[in-house]
Structure formats: structure tokens, C-alpha cells
Amino acid sequence: MSEHYEKVKVQLEQMKSPAEETGAEAEVAPAPALPVPASVPASARSARRESSRTSIQPRTRSKSRSKASSRDRNANVKQDPDKWKGSSRVGSDQMLQIKGTGKILQGKAETNGSREEDKAAIGKEGGSKAAQKRRAVTVDTSKAKTSLEALKLSIKQLKWKEFPVGRRSACDIYWHGVSFHDNENIVSGQVNKFPGMIEMLRKINLSRAVRTIQELFPEEYNFYPRSWILPEEYQLFSTQIRLLKDNDSTLKPTFIVKPDSGSQGDGIYLIRDPADLRVFSGSQVKQAVVQEYIQKPLLIDKLKFDIRLYVLVRSLEPLEIYIAKEGLSRFCTEPYQEPCQKNLNHVFMHLTNYSLNIHSGNFVHSDSCNTGSKRTFSSVLYRLASKGVDIKKVWSDIIALVIKTVIALVPELKVYYQADIPPGKPGPTCFQILGFDILLMKNLKPILLEVNANPSMRIEHEQEVSPGVFEYVPSPVDEEVKVGVIRDTLRLMDPVQRKPHISNLLGEASEEAIVVEAGSDEKAGLVESLPSLCLKQVFPKYMKQFNYLRIVERIADIFLRFLGVKGTMKLGPTGFRTFIRNCKLSNSSFTMASVDILYIDITRRWAGMVPDSREAGMGLQAFVEAFFYLAARRFKALPLREQVLSLLELCESALEGQGHVERSRPQKQVSSLNPASAHSTAPPTLSSPAPTRRHQDDQADQTLRPSVKANVEC
């Protein structure tokens, strides 16, 4: 036994208080948490811990003195629970001061009140215990394709582990370049694509989804241009245009035609007469959407531009939506003029698509985010702010547009999701980055142009370095925006950091209106060495304000219950009859024979509109039409929205009584007259092909509404 050990033993005996018989070995009182300076060497911190144990002045121990008896190693400093009140925390560590010593004791507070030594500092490099033990998140990038470079940079910044050629064992995250089905053998982890998202964001399906909800909420969804689906609505379109011109010969509307499955501006053209439609190509009928052209866009430097915003759908159930705080502004390369017969073919004047304008001789590549033919959206906002525009109002209108659009897409997406990943079947969870293309009108009202399921994530562009020689060079604007979007999407999907938002899941969000706060950051799972998140949560954050719009989603939940066969997306006649019977919708005037006739009539008509359907039966859109018909038949005296809500309440109550566990329903919106619309005098407009059963008492209260009337010219 060494001399030093004897001295320590004697000092310990002297420190014992009269209360030792009751088990108290030291009196511990809370002290303010004082961080240990980073400059203090690890050996000094180790000596400081030893001095805390023995209450003697710190000294350097030699190797011969490094071992202590089992009695000293197992000695604990017991604490009175009352003494913990008012103590400070740094992370999960507790900083305590031993009275009479001036020494700081650092450890973890356990449930029994004892102290757990901070073992992280024992490491050779003094790293934290969590960092040493945490397994690196694995990402399979073998299917990433065009987003590969930005993805690699993001993974490198996060210090995660990439598998560029795949991995035999499961990865945490799978990054696909095109669709959910890029890899069919995934049974766990997370995939960056939702099943059915590509199909839903084709021009025709997007228009159908928005038009369905426009029937219920025409004012809330007036940000989407009037649309007609070709070729099935060609006659309707031609008739309405002819009647419009007959009533007012001075009107010369312009329309834009978009191929259903087109991308990057391919096949888009402008017309002023239905006779100019290129619907037929030989014997093949081209499916397309024709929309009313926005003739008065906001101009900057006399150029038309659009906004590309990146939106993360983090999950469908519960619905979680994030919007990137930074986006891209893509400019045309010819000064804008209102469309006329002479300039209809000037694509560089009317179409903002980057893939088209890059071929213009006037396209400007710039290393600055504030100039050139592609700029950051924030640079445009600063320009508008200098003209006196309330950019917070602009942002809130855009956020409302995004939330409403995703709400319109969710019902059909849930059907696709259940078809590919039925309940009880092992499978991955999904998330996806979408590209919203938005146009600002002259009065600053945002208009939705389209939504891209696979927005380009390239951070370089092709440049001609010498005649006929091209190479890819970095694009500072793209890198600044896109790398941040991918990196912070991965951070939000980090399987270690991801936690459910309990209050939001219960619908207890307290926000009453959209507030755009300058410099507000998301606090979830930040890595210290990285910037704050560039993605802002907008749903369920603003759930209370928009939940009343989710009527079609509630109809979809009923539809999914009666599908029956796992993996199917169509409701058969037996399932439809079961729905009618379980919801008690048949009676003497609406017999089961009438139910069969209704099913056959609607299903046959939708089969003609969707000729490439993979299976027979009634899809969700057809079921929604049947539901609207049943609501109008049963509640004739009410406006359409109240009819549908009344039938929903009836069906949900009947199913709940049969033991069906119903998900929380959004609060019912109280209808009231919209005074703003009563005094407005709108010019003659085209009626949409979707039935618009509008009533004065069918206008919902609006918390958010584009209210900027002044035109802005920059």
C-alpha cells in the first residue's frame, strides 16, 4: 500500500460527517453550469475529476498510482433530491459543486439521484459518447441518376456513409432518381419517392384532382387556371370558346396546350382558337391539357419569369409538408409582350422553362445569385421589397397555395400507397421532394403552373467552351439552393433524429394564421457544424387553418376501407354494394338495383376516359363522383359542400357504430357569405368543365386571401 494511498484514506476519513451512519457521504449543492474550456487538456480534465472524487488538490498521477482499491472505485457521492432544484443542465450532463471545495463535478443525473460519471472525456480525443457510439446513416445512391452530385455533397457534409453501387444488406435511406419502383426489393428503410406520385402529377391527373376539390371550394382553389382535358373535352372546349366569342367579339383569349406526360417544355404551344389544336397526330390521339393563358404576369426588367420552389412531403399519414426557404427564379430571354397572332410562336418570350431558354442566344449564365437568366428567389423578393411590396404577404400566399395543392393530391396518393404497401406487409416508409412551378401575376397573386415529381437537382450546366465543344461547369445558383434542399431533407429523415410531433398529431397546433418570420429556424436534430435548416414546416404547423379542406381525403378513407383485396386500386360491384349497405344509404326509392345501375354507369364512363387502366372497377375519382351524386340525392336542399359533409357525417357515424376506429376528423367549417365577392365586378370568364354549384351561402370564411390589388412593375 503506497504512501499516497494512505494519505488519501486519512483525508477521506476526516471528511466524513456525523450523518455518515445514515448513508450520506458528502453534501452536494447545485451550482451554475460552467462549460469546461475547450483549451483545457484532456489530462487536466481527468485530474479535475479525480480531485472531485477525493476532495484534494489536483495532482498528476503516475502509472504506479493509477489503480485504486475497489472501495474507492465504487464510492458514490449520494445527493439529497431537494438539492437538485434550480440546477442547470448542459445537454444531459449535470454540473454540481461540492461545498467547501470549489470543485466542479460533472455527471449525469439518474432516476435514483446518484451520479453517473461523464465517460465521454476519457476517450483519447475527448469526443462525446453519443458521437462515438452512433452508427453512420447509410444511403443507397445506386439509382440517384441526375441528382447524384448534389446528393454526394450532401452525404459528405453530413458525414454519412454512401453506397454508390448498392448494398447486400439493408440501408437506412434509398435515393431513387425516377420512381418508387426503381428498386422493387426494398422491405425496410426509407425511399425518397411515393408510389403513384409520377402518375398523379401528370397534367391530366393533377387537373382532375384540383377540379374535384374546386367543386367544393371554388374560391380557395382559384389559383389554378381553368383547364380542359383533351381529347375527351374537345367538344366542350370548342363550344365554350365559340359562345364566349359570340357574346363579346372583342375578347381574344389565349390558351396554352401542355402534353399530358411532357416535361422540360417539350410539346407546349399557344393557341387562340380550338381549330389550332394539334390533338391528332396521324391515327394517334394525343392526351393533353389546355389551360387559360395568364396574360398579365409580373415582369422584372421587362422579362417574364416563374418561381421553382422545392417542397418536401415528409409523410402522408400524418401529413407533413416542408417548404424550402430559398428557390429559383427562371427568366425568359425575350422582352414580354401580350400574346397576339404574330408572337404566339415566340417560346423565349412566353415560356419560362430553363430547358428551352438555355438554347437562346440571350441566355445569361451568371456566378451571381442576383443577376442572369436564373437567379435565387430571395433576390427577386429583395427587388420587390425595394418597390414597397409586402413580401411576407407574398410568401404566405405561396405557402397557402402549396398546402392546398398537396391536400388535393393526398387522397389518390393514399390509394397508390396502400396498393403498393398494403397494411401488414413489410415495406419502406416514403418521402419526396417536389418542384412547384409558380407564376406571380401583375397583382402579385400566385398561380400554380405545374408540379414536378422529379425536379432537376443538377448543380452544373452545359457550356460551350469552344466552337462545338461543350462541358459541364458548376452553377453557383443551383448549388446554393439544391444542395441545401437535399442535405436538409436527409437531416429531417435521419432515422436517429426523427421523432413524431405529438401535439401536431393530435391536432393541437396553436397557429391561427401563416406568419413568415425572418430568420426563423427549425430546431429538430441539427448538426452543430451545419447551417440551420433551409426547410420550413408548414403542415401540420398550420393544420387548423387548412384542415377543413380535407373532405375528399375523408371520402378516400371510406373508399379504402371497402377495397377488400390487398394491392388493388379499384372498387368492385360487391364492395360498392357493401358500402351502400353498411352506411345505410339504400331505401325504398333507391334500391340495390338502382345501386348497381349507378355503379355500372359511372364505372363505364370513367373506363372510357382512362383507356389505359390496368384493372376493371371503380377508381377513387369515380367513387367521389358517385359520392357527390348520393349526397345531392339525399340532401337536396343544401349546397353541394354541405351535402357532401352531411353524407360524410352519416357514413362515418354508421361505420363507427360498427366498430370502425375513425381517425380524427377536421373541424367543420362554418359557412358564411363572403362580403368581398359581393361587390366585385369580374369581366366575362370561361366556365370550367367541372360543375360549379355555387351558392351565396356556400362561401367559407377565409383566413388567407390574396389581397394585394396594386400592380407592380420592376
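Visitor: Why does Phe623 count as buried?

Guide: This is a predicted model, and the relative accessibility of Phe623 in it is 1%. Buried means under 20%, so Phe623 counts as buried.

Visitor: Does the label for Phe576 rest on another value, or what makes Phe576 count as buried?

Guide: Phe576 has 1% relative accessibility. That value is under 20%, so Phe576 counts as buried.

Visitor: Why is the pair of Phe576 and Phe623 called edge-to-face?

Guide: A pair of aromatic rings is described by the distance of the centres and the angle of the planes. For Phe576 and Phe623 the centres lie 6.4 Å apart, with 90° between the planes. The distance is within 6.5 Å, so the rings pair, and the angle is over 60 degrees, so the pair counts as edge-to-face.

Visitor: Which parts does the pair of Phe576 and Phe623 tie together?

Guide: Phe576 belongs to helix 17 (residues 573–582) and Phe623 to helix 19 (residues 620–634), so the pair ties together parts that are 47 residues apart in sequence. Ring pairs also place both in a cluster, whose members include Phe559, Phe562, Phe579, Tyr599 and Phe627.

Visitor: How many aromatic pairs are there in the whole structure?

Guide: The search finds 18. One of them is the pair of Phe305 and Phe331.

Visitor: What makes the pair of Phe305 and Phe331 stacked?

Guide: The centres are 5.1 Å apart and the planes are at 25°. The distance is within 6.5 Å and the angle is under 30 degrees, so the pair is stacked. Phe305 is part of strand 17 and Phe331 part of strand 19, so parts 26 residues apart in sequence are tied together. Both residues are buried.

Visitor: Why is Arg375 said to sit over the ring of Phe331?

Guide: The charged end of Arg375 is 4.1 Å from the ring centre of Phe331. The limit for the distance is within 6 Å, so 4.1 Å meets it. Lys374 lies over the face of Tyr354, at 3.7 Å from the ring centre, and that distance is also within 6 Å.

Visitor: What covers the buried residues of helix 11?

Guide: The buried residues of helix 11 (residues 377–386) are Phe377, Ser379, Val380, Leu381 and Leu384. Their cover includes strand 17 (303–316), strand 19 (328–331), strand 20 (374–376) and helix 12 (391–420). Gly388 follows helix 11 and has a positive phi, near 90°.

Visitor: How do you know that strand 6 and strand 7 pair?

Guide: 3 bridges join strand 6 (residues 138–143) to strand 7 (residues 161–163). Pairing needs at least two bridges, so these strands pair. They run parallel, and Thr138 stands opposite Lys161. The chain crosses from strand 6 through helix 5 (residues 148–158) to strand 7 in a right-handed β-α-β crossover. Strand 6 is also joined by 3 bridges to strand 8 (residues 173–176), again in parallel, with Val139 opposite Ile173.

Visitor: What makes strand 15 mostly covered, and which strands are joined to it?

Guide: In strand 15 (residues 288–292), 4 of its 5 residues are buried. Strand 10 (residues 227–230) is joined to strand 15 by 4 bridges and runs antiparallel to it; Ser227 has Gln291 as its bridge partner there. Strand 11 (residues 255–259) is joined to strand 15 by 5 bridges, also antiparallel, and Lys258 stands opposite Val289.

Conventions:
Residues numbered from 1 in each chain as written. Predicted model: local features only at pLDDT ≥ 70, side-chain atom pairs only at ≥ 80, totals over all residues. Heavy atoms only, no water. Buried < 20%, exposed > 50% of the residue type's maximum accessible area, 1.4 Å probe, protein only. Contact = heavy atoms within 4.5 Å. Phe/Tyr/Trp six-rings, centres within 6.5 Å; stacked < 30°, edge-to-face > 60°. Lys NZ or Arg CZ within 6 Å of the ring centre and 35° of its normal. Right-handed = clockwise from strand over helix to strand, strands pointing away.
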